[in-house]
Amino acid sequence: MSITGNSTSNPYSSVSDLLSNVRNFKIIESLREGEQFANAYFSTETKIKIATMLSEFGCDYIELTNPAASPQSRDDCEAICKLGLKAKILTHTRCTLEDAKLACDCGVDGVDVVIGTSQFLREHSLGGKDMVAITKQAIEVIEYIKSRGCEVRFSSEDSFRSDLVDLLSIYRAVNNVGVGRVGVADTVGCASPRQVYDLVRTLRGCVSTDIEVHFHDDTGCAVANSFTALEAGATHVDTSVLGIGERNGICPLGALMARMMPTSRDYILSKYKLHQLKAIEDFVAECVEINVPFNNPITGFCAFTHKAGIHAKAILNSPSTYEILKPEDFGLSRYVHFTSRLTGWNAIKSRVDQLGLDANSWPKEKIVEVTARIKQMADLKAMTLDETDALIRSFHLDLQNGHSQNGQNGESVEKAT
């Protein structure tokens, strides 16, 4: 089975797993989480634009801030609910009847309720509530939301530091009263992929409902954990644009797209308008006054840049040799870096063609010669694009004039620059 469409087989592909949902999952894009980013201040107009862009991109759900957070949060929630977006609109609330009633009154499609289940949160956030009281409260809220005709998700908070017996007991209880989804939240980003697989796989055997996952990135595992959860049977993944959110944020939307493409290319291309990803990320980055990281999957400025001579040669012959993702799938293009000491003659030959100088008219030894000259100069200083192009053009001019390059390199370069 091909994993990219670039090759005919993948010797490392795993045996199909009936529980895996890597080719059948939904994205819950959390504008609510994004608003918790340290730099974030989103006006109503900004929220509407982001929500609209995310809906057009193909996100299945958009999760908004709890309308109980502030009067403006309620107004924003109501305004976005009235847009008629393709994406379903959710809001994230505490597991209380007061929050649930307010959320339903705003016109949302669903309510995501959450309550702490770890000993840390039960003691320091919930005033020492035991699991019996928490379960009773959860069932009461779930039944109310269902009575209002809204979808409902119940999530434990700090799932991976909660007692497993407590977790499975409350998940079974809410499953039995017909909750739409149960949520697993790595609230402090402590989980490893192995822990995620074990918990989600165990949970999949205990509930019949959908499973949503929410992974923070404090220890750098949010994307890997999200993918692993899908392998174990999760159905919904929480994301945010560029991963922005509380502290180090959560699983980034773009990074998840990058991770899923090798495994689920046809599914991703059929659901999501990947060409819009860069515009969404650029807009959100501008709103929160950050730069898109240089190594950001897909849209980082180095994502499809190739520098080493060996890499460049292979890429020019067949891009799949050093690219697991196709830049054209995202409306982007690759770049072969040719101005450094690491360049090779294949990269320079490609640049000759890009400059319209017809590399086929150059003897190979001239390509090799100009490459050596570029490498020699790049050993002395960082070469600019203009300087490298000028050197190439000077060699081309000498070829046209029928002159020997020997002894004239310095003068030609000086004239060209």
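## A walk through the predicted model

Asp112 sits in strand 4. Please keep in mind that the model is predicted. Is Asp112 buried or exposed? Its relative accessibility is 1%, so Asp112 counts as buried. Leaving aside residues up to four places away in sequence, Asp112 touches Glu63, Leu90, Thr91, His92, Thr93, Arg153, Arg181 and Glu212.

**The whole chain**

Stepping back, the chain has 16 helices and 10 strands. The C-alpha trace spans about 90 × 45 × 35 Å along its principal axes. Of the 417 residues in the chain, 52% are buried. Among contacts with a separation of 6 or more, 72% are between residues 24 or more positions apart.

**Helix 4 and its surroundings**

Helix 4 covers residues 97-105, and its buried residues are Asp99, Ala100, Leu102, Ala103 and Cys104. After helix 4 comes Gly107, which has a positive phi, near 90°.

As background for the spacing of side chains, an α-helix has 3.6 residues a turn, so residues three or four places apart point the same way.

**Helix 6 meets helix 7**

Two packed helices are described by the angle between their axes and the distance between the axes. The axes of helix 6 and helix 7 (residues 164-176) come within 10 Å and cross at roughly 25°. Angles under 35 degrees count as roughly parallel, and helix 6 and helix 7 are therefore roughly parallel to each other. Their crossing is right-handed.

Which residues make this contact? Helix 6 contributes Met131, Ile134, Thr135, Ala138, Ile139 and Ile142, while helix 7 brings Asp166, Ile170, Ala173 and Val174. Sorted by class, the contact has 8 nonpolar, 1 polar and 1 charged residues.

**Aromatic pairs**

A pair of aromatic rings is described by the distance of the centres and the angle of the planes. The chain has 3 aromatic pairs, and two of them are set out here.

| Pair | Centre to centre | Angle between planes | Arrangement |
|---|---|---|---|
| Phe57 and Tyr272 | 5.7 Å | 25° | stacked |
| Phe160 and Phe215 | 6.2 Å | 40° | tilted |

Phe57 has a relative accessibility of 0% and counts as buried. Tyr272, at 3%, counts as buried too.

For the tilted pair, Phe160 and Phe215, the locations are as follows. Phe160 belongs to the loop between strand 5 (151-157) and helix 7, and Phe215 to strand 7 (residues 210-215), so the pair ties together parts that are 55 residues apart in sequence. Phe160 has a relative accessible area of 17%, and because buried means under 20%, Phe160 is buried. Phe215 is buried as well, at 0% relative accessibility.

Notes. Residues numbered from 1 in each chain as written. Predicted model: local features only at pLDDT ≥ 70, side-chain atom pairs only at ≥ 80, totals over all residues. Heavy atoms only, no water. Buried < 20%, exposed > 50% of the residue type's maximum accessible area, 1.4 Å probe, protein only. Helix = DSSP H or I, 4+ residues; strand = E, 2+ residues; numbered from the N terminus. Axes fitted to C-alpha atoms, helices over the stretch in contact; angles between N-to-C directions. Parallel < 35°, antiparallel > 145°, perpendicular 65-115°, else oblique. Left-handed = near helix turned anticlockwise from the far one by under 90°. Contact = heavy atoms within 4.5 Å. Nonpolar A, V, L, I, M, F, W, Y, C, P; charged D, E, K, R; others polar. Phe/Tyr/Trp six-rings, centres within 6.5 Å; stacked < 30°, edge-to-face > 60°.
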